[in-house]
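User: Could you take a close look at the salt bridges for me? I'd like one connected walk-through.
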Amino acid sequence: MEHLTLYELNNFVRKVLEINLSETYWLQAELSEVKENRGHCLVEFVQKAKKNNSIIAKARGQIWASKWAIMRPYFEQTTGQRLSAGMEVLVEVEVTFHEAYGYSLNIIDIDPRFTLGDIAKRRQEIIKQLQEEGVYEMNKEIELPSLLQRIAVISAATAAGYQDFCNQLQNNPHGLAFHTQLFPAVMQGTQVEQSIINALNAIANEMERWDAVVIIRGGG
């Protein structure tokens, strides 16, 4: 009985893909994972069903270090955010297959304007939902003291914006004294919502200690 080794079969698959999928393709997908390794950016793409949000397609992708060094600052400067899980992206990819590592997508370009548009769209959807639930203007119902000196801060400890916020308070031109306390939270990825809720609950448990809550995300 004739047979193939696994390498021979995978080699055949690779050649078929190279012949039939030799072009590059613009792909719209959601990122479910983003991580860096030795200067490369490794991602996982997913597509979810509209009815129940279940995953119906998945693929690995990578941006090699030489391209990532250019692509990362371009994306961050345009969108104001780092590439992260949960984002919808539009990327140009080439299909690759390796005998040992299988199918993956080489990312050779990204359109940050697509992600920026998606962020704006989702923001408007959230605002509309909050308005419909009657909670969008709730902050305006709370009277703040004339001088806010006791401030609870929700942010990532390493966030540039958090460091800048503290520096501005400590070095204010009027010499005013402020007391701040960090309530750490994850500010990127799929755990953001629950992480911030946990921090807000911790602050609520001692709300008499604070004049205001500040949520900080991103750069300074």
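Which side chain does Arg 209 meet in a salt bridge?

Analyst: Arg 209 meets the side chain of Glu 206, with N to O at 3.1 Å. By salt bridge I mean a side-chain nitrogen of Lys or Arg within 4 Å of a carboxyl oxygen of Asp or Glu. Quick caveat: this is a predicted model, where local features need pLDDT of at least 70, side-chain atom pairs count only at pLDDT 80 or more, and totals for chains, interfaces and linings use all residues. Residues are numbered from 1 along each chain as its sequence is written, and side-chain values use heavy atoms, leaving out hydrogens and water.

Arg 209 itself is partly exposed, at 33% relative accessible area (buried is under 20%, exposed over 50%, partly exposed in between, with a 1.4 Å probe and protein chains only).

Zooming out, the whole structure has 13 salt bridges. One of them pairs Arg 14 with Glu 99, closest N and O atoms 2.6 Å apart. Arg 14 sits in helix 1 (residues 6–20) and Glu 99 in the loop between strand 4 (88–98) and strand 5 (102–110), so this pair ties together parts 85 residues apart in sequence. Helices (H or I, at least four residues) and strands (E, at least two) are DSSP runs numbered from the N terminus. Glu 99 is buried, at 15% relative accessibility.

Then there's Arg 150 with Asp 211, 3.0 Å from N to O. That pair links distant parts of the chain, 61 residues apart: Arg 150 is in strand 6 (residues 150–155), while Asp 211 is in the loop between helix 5 (192–204) and strand 8 (212–215). Arg 150 is partly exposed at 34%, whereas Asp 211 is buried at 18%.
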